[in-house]
Amino acid sequence: MMNDKKLEILIRNQLIGGLEDLGLDDVEVVAGYQPTIQSEPSRPFIYFFKIDTVPQGWQKRAREATIIPDAFNSTGQQAVISNYQFGARVDLDLADMDQLTAADLVSYTSMIIQSRGTISALAKSGVNMTRASNERNPYFINNKDQHESSPSFDIGFSYVRSIKRPTGVINEITGSIHPI
């Protein structure tokens, strides 16, 4: 059964593997909201966090034929899309022309997430994904009084959540007619 923690581990592992394949093993991948720290990060990092979960359609309900004494097992399944935002931070060295910017890291992240390898790994766990959004690149003033970009994109991961609960059995129904 898929849950948020399992999904985030899958995503993080795919990102780390994809970055290593690109020779970017010095980039940290943080599952959670962008950290607020008192100083600049010591190395580049990619962060991702859940924005929301949107149920798709109606919950499917089924019951198992196995009857427990005075109950039967009832299963509920709900297709959901969990939307995540991905971003990156880099302490830029303006003299280093080969250094990747935060926008570069976000672009690579989007490509890794949408690669065949990631799609295959997620599908083996019952997870699919939507198309990634456009990459946004707003600016803010950092702690050095410089304009710095905060690039990001969103993408949804779809899967089915399930619950199984015992449900009481009705043994007898009695009807009666009452005048109005």
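Analyst: Start with strand pairing: two strands pair if DSSP finds at least two bridges between them. Helices (H or I, at least four residues) and strands (E, at least two) are themselves DSSP runs, numbered from the N terminus. Here strand β4 (residues 128–129) pairs with β7 in the antiparallel sense over 2 bridges. Within that pairing, Asn128 has Ser158 in β7 as its bridge partner.

User: Before we go on, what kind of model is this, and how are residues and atoms treated?

Analyst: This is a predicted model: local features need pLDDT of at least 70, side-chain atom pairs count only at pLDDT 80 or more, and totals for chains, interfaces and linings use all residues. Residues are numbered from 1 along each chain as its sequence is written, and side-chain values use heavy atoms, with hydrogens and water left out.

User: In which sense do β3 and β7 pair, and over how many bridges?

Analyst: The sense is antiparallel, over 17 bridges. Tyr84 stands opposite Ile155 in β7. Ala71 stands opposite Gly168 in β7.

User: How many residues of β3 are buried?

Analyst: First the scale: buried means under 20% relative accessible area, exposed over 50%, and partly exposed in between (1.4 Å probe, protein chains only). β3 is mostly covered, with 15 of its 19 residues buried. As a general point, side chains in a regular strand alternate between the two faces of the sheet.

User: How do I read a nonpolar core, and which residues touch the most other members here?

Analyst: In soluble globular proteins, nonpolar side chains tend to be buried together. A nonpolar core is a set of buried Ala, Val, Leu, Ile, Met, Phe, Trp, Tyr and Cys residues joined through side-chain atoms within 4.5 Å. The largest one in this model has 28 residues, and Leu7, Ile11, Leu15, Phe86 and Phe157 touch the most other members. Two or more residues come from each of α1 (4–21), β2 (45–68), β3 (71–89), α2 (102–113) and β7 (152–168).

User: Take Ile11. What is in contact with Ile11, leaving aside neighbours within four places in sequence?

Analyst: Contact means heavy atoms within 4.5 Å. With those neighbours left aside, Ile11 is in contact with Phe48, Phe86, Ile113 and Phe157.

User: Which residues form a nonpolar patch on the surface?

Analyst: Patches are made of residues with over 30% relative accessible area and no salt bridge; like charges are joined within 9 Å, and nonpolar side chains (Val, Leu, Ile, Met, Phe, Trp, Tyr) within 5 Å. Areas come from the Shrake-Rupley method with a 1.4 Å probe; for residues, only the protein chains shown count as cover. Leu22, Tyr108 and Met111 form such a patch, with about 300 Å² of accessible area together. Tyr108 sits in helix α2. Its relative accessibility is 32%, so Tyr108 counts as partly exposed.

User: How many salt bridges are there?

Analyst: The rule is a side-chain nitrogen of Lys or Arg within 4 Å of a carboxyl oxygen of Asp or Glu. The count comes to 5 salt bridges. Asp4, Lys50 and Arg161 are linked in a network of them. Asp4 and Lys50 meet at 2.8 Å, N to O. That pair links distant parts of the chain: Asp4 is in helix α1 and Lys50 in strand β2, 46 residues apart. Arg161 and Asp4 form another salt bridge, with the closest N and O atoms 3.2 Å apart. Arg161 lies in strand β7 and Asp4 in helix α1, so this pair ties together parts 157 residues apart in sequence.

User: Where do Arg89 and Glu148 lie?

Analyst: Arg89 lies in strand β3 and Glu148 in strand β6 (residues 147–149), so their pair ties together parts 59 residues apart in sequence. In this salt bridge the closest N and O atoms are 3.1 Å apart. Arg89 is buried, at 9% relative accessible area. Glu148 is buried too, at 10%.

User: Last, loops. Where does Pro138 lie?

Analyst: Pro138 is in the loop between β4 and β5 (139–141). With neighbours within four places in sequence left aside, Pro138 is in contact with Glu148, Ser149 and Ser150. The C-alpha atoms of Pro138 and Ser149 are separated by 5.6 Å, although these residues are 11 apart along the chain.
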